[in-house]
Amino acid sequence: MSFLRNLVDQGRRLYAEPGSRFHKIWPLFDAGETFLFTPGHTTPKHGPHVRDYMDLKRTMSMVIVAMLPCLLWSFYNVGLQHFAAVAQVASRAIGAGGSYEYTVGWLQSLVFGSGYGAAIAADEFHVGLVDELVFGLQRMLPLLLVSYGVGLSIEAAFAVMRKEEVSEGYLVSGMLIALIVPASVPLWQLALAVAFSVILAKEVFGGTGMNIFNVAMMARAFLFFAYPAQLSGDFVWVAGNDAGGAGSSIVDGYSGPTALAAAAASKLQGNHLVPDGAVGYFQDAAHAVQAQVGSWWDLFIGTVPGSAGETSALCALIGALILVATGVGSWRTMVGGVIGLAVMAGAMNVFFGQLDGIGGYPIHWHLVSGGFAFGIVYMATDPVTSPQTDRGKWIYGFLIGLVTVLVRCVNPAYPEGVMLAVLLLNAFAPTIDYFIVRANIRRRVARLG
Amino acid sequence: MITHKIRKGFDLPLVGATARRFEDAPPPPVVAVAPTEFPGLKAKLRVREGERVLTGQPLFHDKGDPGALWCAPATGTVSRVVLGARQALQRVEITCEAKDEFAELPRIEPKALASTPRPALVDALRAAGLWPLLRQRPVGKLPDPTRQPVAIFLNGMDTEPLAADPAFAVQGLGEDLQAGCDLLRALTDGPVYLTVRPGEQPHEYLALQGVEMHAFAGPHPAGLVGTHIQEIRPLRAGEVAWCLRTTDAVLLGRWLRTGRYPFERVVAVAGSTADESARRYARTRQGALVSAVFGRARIGEGERVIDGTVLSGRAIARDGFIGIRTTTVTTIPEGEDERDLLGWALPQPRRLTMHRAVFPLLGRRAVEVDARLHGGHRPIVNIGSWEAVTPLDILPSFLYRAIEANDLDEALKLGLLEVTEEDVALCTVVDPCKLDVGKVIRKGLDLYEREG
């Protein structure tokens with residue numbers, strides 16, 4: 001430790017003083033130094049002389065800790081979905097008299113050797129946990145690397161330009177972005193999305209603490225509208241291996257819809273002249289999802305196709321408990337969101353329950369489907385883009401839940417609504433606060449005349 | 001007696017509490033009076049270096065308000081006049097003589113209080129150098145003598161960390177306290193509120209005539225006058241209230257009864273680096289050399305000596321002087337060279353915090369704390385810390401933003417006049433982004449004084 005300390009103390013001479021060799025880029029050194037050691041600044045001579053040990057580094061690292069379950073789950077589930085798809089496509093090809101060749105990725109050939117493709121083909125694609133994790137890491141590590149690499153470089157460049165310390169905000173956004181895109185997304189698109197959102201959604205407003213829209217959600221929205229082919233439909237949710245092309249990495253020929261897409265496309269027996277049990281017709285939306293995607297428990301645990309890190313409601317729940325227990329995330333937003341979702345889904349059930357599509361999708365299925373759980377826990381609770389008042393947080397969460405279901409059920413184009421709901425309510429957060437603040441002022445006037 | 005329960009707030013669990021015993025501190029060789037203790041005061045010197053002064057003789061006055069005087073707390077020679085930037089007076093030092101001779105002060109007969117016109121009372125107080133003991137709300141500076149207070153808040157409690165307990169410090173001073181209260185009664189048509197901790201009261205409080213007693217339970221800031229005003233008698237637009245502590249009222253009463261300048265002070269010494277022998281209620285003199293207040297104990301290097309508490313005091317040098325209103329002196333380690341390896345990532349069971357993210361246990365032991373910031377300055381990222389320690393019905397982060405945007409109208413609507421820096425001190429302490437909330441509040445109040 002004293003060795004490190006000496007290193008840091010010596011290093012400081014290189015940049016700390018104006019005029020020293022690297023002074024122009026001091027924020028970069030400072031970021032490294034304060035990562036290792038808490039800063040040595042003391043309080044001013046007037047005003048409170050002591051400070052709480054809590055700082056923004058710890059605040060942000062708590063969010064990262066809360067996201068770890070989702071990240072670990074993504075390593076596993078990306079591989080699980082991949083091999084399930086590969087096995088299905090291969091058996092179909094072999095059943096039709098053809099053959100199936102498995103393309104080996106970089107990490108797989110590094111870990112298992114170049115004969116890996118032939119080996120698992122010989123084993124009829126029966127794979128274990130290690131194979132799944134290796135594949136998951138093979139897809140997720142580049143996503144994380146690109147997201148953090150691009151984002152932090154831009155942040156650091158702006159910090160140097162502004163002569164400010166590098167802020168910790170992007171440490172959370174970077175991981176969020178990797179978790180809310182499909183694992184199959186091309187890396188150049190991801191890099192573009194990250195650059196777009198860090199520069200135009202955050203730094204132009206002044207950096208961490210000043211942005212209006214959630215940075216990670218903006219990255220996803222950019223991808224969603226700029227490259228819809230890689231971010232919607234039934235073909236993108238299961239990652240494959242690049243065959244060297246520039247396209248997205250999907251398992252060719254495999255269609256894996258998300259639960260919400262399956263629910264939205266469900267046809268109910270009662271509404272059509274078909275016999276019970278006819279192929280493609282279901283009792284209700286939940287049965288359609290159960291037949292095509294997985295059971296409620298599959299959705300809850302997260303063994304279904306979807307964006308890399310947001311399939312598991314269970315992991316999001318664990319994250320929510322960590323955020324609430326440490327006091328970093330607002331439980332008001334989360335509870336408000338669940339209530340809003342339940343109210344709107346209930347209303348949809350009552351009014352549209354008998355129609356084809358997602359109208360009759362039950363509340364508890366809504367809760368575990370798509371990115372709602374992830375979104376309300378990690379995105380809606382962003383302290384910068386959500387309202388600053390306690391009452392405002394209730395309203396904000398409630399409306400996010402409500403709009404999420406509204407988009408899911410009423411909008412024909414987008415099966416998932418949480419992204420749009422969070423961004424919409426980001427825009428309204430200051431308005432919500434405005435009414436809470438006016439109420440405070442009215443109370444003051446009533447009290448003091 | 002009405003008991004008010006304050007729910008939001010935070011009691012800083014610090015080691016280094018003061019033992020509940022009195023001790024006469026050695027007489028200070030030098031005393032000082034510093035106008036820098038009063039922000040905004042432009043002092044005009046009335047004595048010269050080398051001049052002999054008597055106890056209670058005026059040393060300087062405010063250029064903007066010549067009626068209010070600051071008086072010498074001891075008899076002796078003006079040994080040093082310290083000037084700062086642009087010749088602004090920093091302090092006047094007096095080398096003390098062994099025996100006090102008292103300067104002639106304006107005199108009010110206790111029996112004649114009721115018949116003395118109020119302006120005469122105010123003038124006497126101001127000429128006797130006792131005006132600096134009072135504060136006016138809103139804004140929290142010296143009272144404007146031309147305005148009538150609608151009430152006087154007499155604070156008989158203190159919830160700041162390691163602060164002297166006024167209820168203990170006034171022991172045996174019941175007669176002075178009563179005289180002081182009588183004087184306060186004569187200064188206002190409104191009531192005089194005495195605020196106390198709930199539970200057993202010292203007989204000095206119980207015996208007080210002419211005050212309305214209110215008890216405040218709960219964590220700090222339950223003991224701040226800002227909290228008391230909001231709970232008992234919120235101030236309407238244009239109204240002012242005066243406030244002071246029971247220990248200050250004792251001094252007013254002593255002047256009333258004796259006609260002499262009340263230079264005596266009882267100062268609690270506290271803090272983790274203060275020697276145990278020093279941590280007691282020291283009987284000393286206003287403006288005393290701080291080392292004299294510590295008695296035999298030494299003040300070590302690398303210690304921050306605070307004239308006041310860690311929340312609202314001001315740092316003074318090791319050879320500095322205590323102030324006019326000082327009742328507590330705290331010392332903590334400066335901590336400059338301390339740097340914790342990966343401090344932001346590891347659980348910290350022995351650090352000052354109200355955040356569960358730092359250490360997740362509910363019940364906390366008292367901790368040693370130093371003067372470090374424990375983090376870098378960041379823009380506002382609000383995780384609800386400010387709100388959790390603010391019992392007043394204000395929205396601190398919106399008030400902060402309104403002031404930073406120089407929007408005085410909005411700041412006033414948001415309750416700027418209900419707070420001073422001490423009411424938001426806890427916000428500053430707990431803020432993860434290390435913002436100085438109190439400084440911004442004072443900036444807003446300065447703006448109000450200039451433009452309001």
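This is a predicted model: local features need pLDDT of at least 70, side-chain atom pairs count only at pLDDT 80 or more; totals for chains, interfaces and linings use all residues.
Which residue is the bridge partner of B:Val53 in S8(B)? The partner is B:Gly76.

Strand S8 of chain B covers residues 76-83. S5(B) and S8(B) pair in the antiparallel sense, over two bridges. Both belong to an open sheet of four strands in chain B, ordered S3-S9-S8-S5. The pairing is antiparallel. Strands S3 (30-33) and S5 (52-53) of chain B stand at the edges. Each has a single partner strand, so one side of each is left without a neighbour in the sheet. Strands of a sheet pair through backbone hydrogen bonds.

Next, the backbone. Most residues other than glycine have a negative phi, and most peptide bonds are trans. Some places here depart from that. The bond from B:Arg137 to B:Pro138 is cis, with omega near -5°. B:Pro138 sits in the loop between strands S10 (135-137) and S11 (149-155) of chain B. The bond from B:His220 to B:Pro221 is also cis, with omega near 10°. B:Pro221 lies in the loop between strand S13 (212-217) and H5 of chain B.

Helix H5 of chain B spans residues 225-232 and holds B:Gln230. B:Gln230 counts as buried because its relative accessibility is 19%, under the 20% cut-off. Beyond its sequence neighbours within four places, B:Gln230 contacts A:Arg447, B:Pro391, B:Leu392, B:Asp393 and B:Glu418.

Two lysines have a positive phi. For A:Lys163 phi is about 55°; for B:Lys434 it is near 60°. A:Lys163 is in the loop between helices H6 (129-162) and H7 (169-180) of chain A. B:Lys434 is in the loop between helices H11 (425-430) and H12 (437-451) of chain B. A:Lys163 is exposed, at 62% relative accessibility, whereas B:Lys434 is buried, at 1%.

Conventions. Residues are numbered from 1 along each chain as its sequence is written. Chains are lettered from A and ligands numbered from 1 in the order in which they are written. Side-chain values use heavy atoms; hydrogens and water are left out. Buried means under 20% relative accessible area, exposed over 50%, partly exposed in between (1.4 Å probe, protein chains only). Contact means heavy atoms within 4.5 Å. Two strands pair if DSSP finds at least two bridges between them.
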